[in-house]
Amino acid sequence: MNARTAEPASGMATGLVRIEQPQARVEGVPFQADWFDAVDVNLSAVERRTATLGARRSVKKEWQAAWLVKAIQCIDLTTLAGDDTPGRVQRLCAKARHPLRDDLVEALGLTGRRLTTGAVCVYPTMVRTAVKALEGSGIPVASVATGFPAGLTPLEQRLAEIRYAVGEGAEEIDIVITRAHALTGNWQALYDEISLMREACGNAHMKAILATGELKTLTNVYRASMVAMMAGSDFIKTSTGMEGVNATLPVSLVMVRAIRDFLERTGQRVGFKPAGGIRAAKDALAWLILMKEELGRDWLDPDMFRFGASALLSDIERQLEHFVTGRYSSTDRHGMA
Ligand SMILES: O=C[C@H](O)COP(=O)(O)O
C-alpha cells in the first residue's frame, strides 16, 4: 500500500491523492448577507442524501485498508480533558508520530513511509509540551482557544487566549463561535467577532467551531458556515465534542455544501473538520465518502480535511489488525494516552 496516495499494494488507483502544495490561507470576503439570507435547508432532503452514505457505498478489503490509512493521516488526535497532564499529552504525541504498530505497518507495505496523524489538538496550556514532544516530526499542534467550549468569556480575553496559544507554538487554532449571535440572527456580529479572531491568529491557520448541536436548525448551520468563511476561516468545524449532539452526517452535508457554494462564489477553498463522537472506523469511511462525493478528492487530504477525534484511531488500528491477521484484538490493546 502506498501511504502517500492511499492506494492498495496492487497499485490500483483509489482516487485518494495527496496534494503536495500546502493549502493557501483563506482570505475571506466582506460580509454579504444576501449570500445566505434566502437559504432554507430542507431537512428531509438532507437526511435522504446522507442515509445512503454508510450503506450504499461501502469500501471493502484492501480498498478499505487504504482509506483507513488515509483517515489516520487526517486525524487531529485530541485530548481536551480537565485532567490532561503533560504525561498524557506526551503519550498522545508519541501515538501521533507512530499511529500504527510496526507489525501492521510492515504487513500493510508501509515500512519506510511517513505515516502520522494530521495534528495533535490540545488546550492552550498544553501546547508547549506538545510542540516539544512533536519536534522534528512535522506534525502541527492545534490548540483550542476563545473560551472553549462555550466561548462565553469576554472578547478581549478570548483574543488574548489565541495570541497566547500562537506564542506557545500552536500552528492551528480551533476557535468557538458565540452561539447567541447565530441564534439571534446577528450575523454581522458573528462576522466581526470571527474576523478579529482570524487577525489574532496571525500566521496560524484558524478552524471555526460552529457547535452545530446548539444552533437549532440546519439553516442556521448553513448561515453560520457561510459567515465563518466570509470572515476568513481556513476550516469550518462541526463541534467541540462537548455539545449534546456533535458531528453528524446531515450537519456535515450542509457544511460541505456551504463550502462548495463559497468556492463557487470566491474561488477560495475552505477545509472541513467533523469533530466529536466519531469513534468507529466505519463512520470515518462514511465521512471520507461524503467528502469525495461532495467536494472531490482534493478534500481527502489533511490540508483540507480533518477528523477531530480522541478515540477513532484505536478503532482504525483494530480494524487494520483484523484486515492483516483476520482476528480482532481487544480494544485495550490499542490505547491512546
Ligand atoms: O475536537 C475534538 C473533539 O473534542 C473530540 O471529541 P471526541 O472525544 O468525542 O472524539
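User: Why is R114 called exposed?

Analyst: In this predicted model, R114 has 11 other C-beta atoms within 10 Å. The cut-off for exposed is 12 or fewer, so R114 counts as exposed.

User: Where does R114 lie, and how far is R114 from S137 in space?

Analyst: R114 lies in the loop between α4 (102-107) and β2 (119-122).

User: Is K216 buried or exposed, and how do you know?

Analyst: K216 has 12 C-beta neighbours inside 10 Å. Exposed means 12 or fewer, so K216 counts as exposed. K216 lies in the loop between β5 and α9, and its phi is near 75°, a positive value in a residue other than glycine.

User: Is A211 buried or exposed, and what makes it so?

Analyst: A211 has 27 C-beta neighbours inside 10 Å. Buried requires 20 or more, so A211 counts as buried. The loop between β5 (205-209) and α9 (218-230) holds A211. Phi of A211 is also positive, near 50°, in a residue other than glycine.

User: What is the peptide bond from F148 to P149, and where is P149?

Analyst: That bond is cis, with omega near 5°. P149 is placed in the loop between β3 (141-144) and α6.

User: What makes α6 roughly parallel to α8?

Analyst: Helix α6 (residues 155-168) and helix α8 (residues 187-201) pack at about 25°, and their axes are 8 Å apart. Angles under 35 degrees count as roughly parallel, so α6 is roughly parallel to α8. The crossing of α6 past α8 is right-handed.

User: Which residues make the contact of α6 with α8, and how do they divide by class?

Analyst: From α6 come L155, L159, I162, R163 and V166, and from α8 come E193, L196, M197, A200 and C201. By class, the contact of α6 with α8 has eight nonpolar, no polar and two charged residues.

User: Why are α2 and α11 called roughly perpendicular?

Analyst: Helix α2 (residues 61-73) and helix α11 (residues 281-295) pack at an angle of about 85°, with axes 10 Å apart. The range for roughly perpendicular is 65 to 115 degrees, so α2 and α11 belong to that class.

User: Which residues of α2 and α11 meet?

Analyst: Q64, W67, L68, K70 and A71 of α2 meet A281, A284, L285 and L288 of α11. The contact of α2 with α11 comprises seven nonpolar, one polar and one charged residues.

User: Which residues touch the most other members of the largest nonpolar core?

Analyst: The largest nonpolar core has 104 residues, and V120, A130 and I177 touch the most other members.

User: What is V120 in contact with, beyond its neighbours within four places in sequence?

Analyst: V120 is in contact with L77, L92, C93, A96, A130, L134, I139, V141 and A142. Of these, A130 is also one of the residues that touch the most other core members.

User: How many helices and strands does the protein chain have, and what share of its residues is buried?

Analyst: The protein chain has twelve helices and eight strands. Of its 337 residues, 50% count as buried.

User: What share of the contacts with a separation of 6 or more comes from residues 24 or more positions apart?

Analyst: Such residues account for 76% of those contacts in the protein chain.

Key:
Residues are numbered from 1 along each chain as its sequence is written. This is a predicted model: local features need pLDDT of at least 70, side-chain atom pairs count only at pLDDT 80 or more; totals for chains, interfaces and linings use all residues. Axes are lines fitted to C-alpha atoms, for helices over the stretch in contact, and angles run from 0 to 180 degrees between N-to-C directions. Helices (H or I, at least four residues) and strands (E, at least two) are DSSP runs, numbered from the N terminus. Angles under 35 degrees count as roughly parallel, over 145 as roughly antiparallel, 65 to 115 as roughly perpendicular and the rest as oblique. A crossing is left-handed if the near helix is turned anticlockwise from the far one by less than a right angle, and right-handed if clockwise. Two residues are in contact if their C-beta atoms, placed from the backbone, lie within 7 Å. Ala, Val, Leu, Ile, Met, Phe, Trp, Tyr, Cys and Pro count as nonpolar, Asp, Glu, Lys and Arg as charged, and the others, Gly among them, as polar. A nonpolar core is a set of buried Ala, Val, Leu, Ile, Met, Phe, Trp, Tyr and Cys residues joined through C-beta atoms within 7 Å.
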